[in-house]
Amino acid sequence: MGVMDLFWSYEGALVGGSAGIPVTFNENGDAPGHYDIYQYQVKDNATRAYSVIGEWANKLHLNIHTMQWPSGSRQVPASICSLPCKPGERKKIVKGIPCCWHCELCDGYQYQVDKYNCKICHFDMRPNENHTGCRPIPIVKLEWYSPWAVAPVFFAIIGIIATLFVVITFIRYNDTPIVKASGRELSYVLLTGIFLCYAITFLMIAEPDVAICSMRRIFLGLGMSISYAALLTKTNRIYRIFEQGKKSVSAPRFISPASQLMITFSFISVQLLGVCIWFIADPPHSYIDYDDQKTANPQFARGILKCDISDLSLICLLGYSMLLMVTCTVYAIKTRGVPETFNEAKPIGFTMYTTCIVWLAFIPIFFGTAQSAEKVSTTALQSYTLCHH
């Protein structure tokens, strides 16, 4: 019998080994492999050694519980290239490996359109919490209970009460010499302007609509124009009287109460004419400003309901009042040397000096104020501060 014949005769047969373990042969005449599987592990006492975690005998046998993974974890890691992306994240495929990707968050004002793309929400929308869709940006306005509204309203009410008290006092003593000497006709005009300056506070805080925006355009600059027109007419009258007195004993023209009222109303009509042109060129309306409070975090974004009066338009609206104020200040300087019997000149001069300072402070504060509510409050405070002086 040859060697090959002996091999074929033992093919598939069980032969007893010296250790009592059966010895088998496969169809190729090879004995099946038997291997121990080791893992280099860190023991409890910080020593490192190889530990048996399984074996191979025709098939793999692993003891999962005795295996160690990175960071000492016993949890079997997932054998995948990339984990599924969370809601609000898009897949960015790794170049050259189509089954692998990176998850990128749809941040800012973006939301997840599909698995691979993000898109920015519409200007009046913001993403939801998990950036899977968009929702409307909340609309806010200046509320009556806001700190930016409470203080102006409080002072405006006090100012209106004080103004009405003065008006009632003037009416009660209308025919007395002291009221007549003060120029009662122009005094009533001046008190009307002061009243409007205080009353505009309520229009500035009221919810903007077409009617409120129209009244803001009319009365915001009208109150100050009426006040400054009356003061300018008074100072101009005093100046002309003393200039005429240096030349002749005759009285200058247009110093009667009726003439003074006509001059004052002509100044006021210029303000009203400008407002009418503004109405025709750009009809008033309210709108929602989404840029004023569009924060980096979309969860804090707000739309501001406001009138269509820009910062530049507001300054132009008040520009005529500033012109009247400056002209009145010039006449106040010219009349600073009048006799003490003309007691109106010096108080008017002092008023104009302080008013100029208030205006110089108002403009940079207004343009440096970011929030719409703060601007409304600043404008209201400025309005009745000027009238108070």
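Where is the place of Cys99? Cys99 sits in strand S7 (residues 97-105), where strands (E, at least two residues) and helices (H or I, at least four) are DSSP runs, numbered from the N terminus. The model is predicted, so local features need pLDDT of at least 70 and side-chain atom pairs count only at pLDDT 80 or more, while totals for chains, interfaces and linings use all residues. Residues are numbered from 1 along each chain as its sequence is written, and side-chain values use heavy atoms, with hydrogens and water left out.

To begin with the overall picture, the protein contains nine helices and 14 strands. Of its 389 residues, 35% are buried; here buried means under 20% relative accessible area, exposed means over 50%, and partly exposed lies in between (1.4 Å probe, protein chains only). Contact means heavy atoms within 4.5 Å. Among the contacts with a separation of 6 or more, 54% are accounted for by residues 24 or more positions apart.

Cys99 itself is exposed, with a relative accessible area of 53%. Its C-alpha lies 7.3 Å from that of Cys81, a residue 18 positions away in sequence.

Next come the aromatic rings. A pair of aromatic rings is described by the distance of the centres and the angle of the planes. Rings of Phe, Tyr and Trp (its six-membered ring) pair if their centres lie within 6.5 Å; planes under 30 degrees apart count as stacked, over 60 as edge-to-face and the rest as tilted. By this rule there are five aromatic pairs. In one of them, the rings of Tyr40 and Tyr50 have centres 4.9 Å apart and planes at 55°, so this pair is tilted. Because Tyr40 belongs to strand S3 (residues 34-42) and Tyr50 to strand S4 (residues 48-57), the pair ties together parts that are 10 residues apart in sequence. Tyr40 counts as partly exposed at 49% relative accessibility, whereas Tyr50, at 61%, counts as exposed.

Another aromatic pair, Phe123 with Tyr290, is edge-to-face, with 5.5 Å from centre to centre and 80° between the planes. This pair links distant parts of the chain, 167 residues apart: Phe123 is in the loop between strand S9 (118-120) and strand S10 (125-127), and Tyr290 is in strand S13 (residues 286-293). Phe123 is partly exposed, with a relative accessible area of 47%, while Tyr290 is buried at 13% relative accessibility.

Rings also have charged neighbours. A charge sits over a ring if NZ of Lys or CZ of Arg is within 6 Å of the ring centre and within 35 degrees of the ring normal. Arg217 lies over the face of Trp278, 4.1 Å from the ring centre, and Lys294 lies over the face of Tyr109, at 5.0 Å from the ring centre.

Turning to the helices, the axes of H4 (residues 184-205) and H6 (residues 257-281) come within 9 Å and cross at roughly 25°. Axes are lines fitted to C-alpha atoms, for helices over the stretch in contact, and angles run from 0 to 180 degrees between N-to-C directions. H4 and H6 are therefore roughly parallel to each other, given that angles under 35 degrees count as roughly parallel, over 145 as roughly antiparallel, 65 to 115 as roughly perpendicular and the rest as oblique. In this contact, Glu185, Leu186 and Val189 of H4 meet Pro257, Gln260, Leu261, Thr264 and Phe265 of H6.
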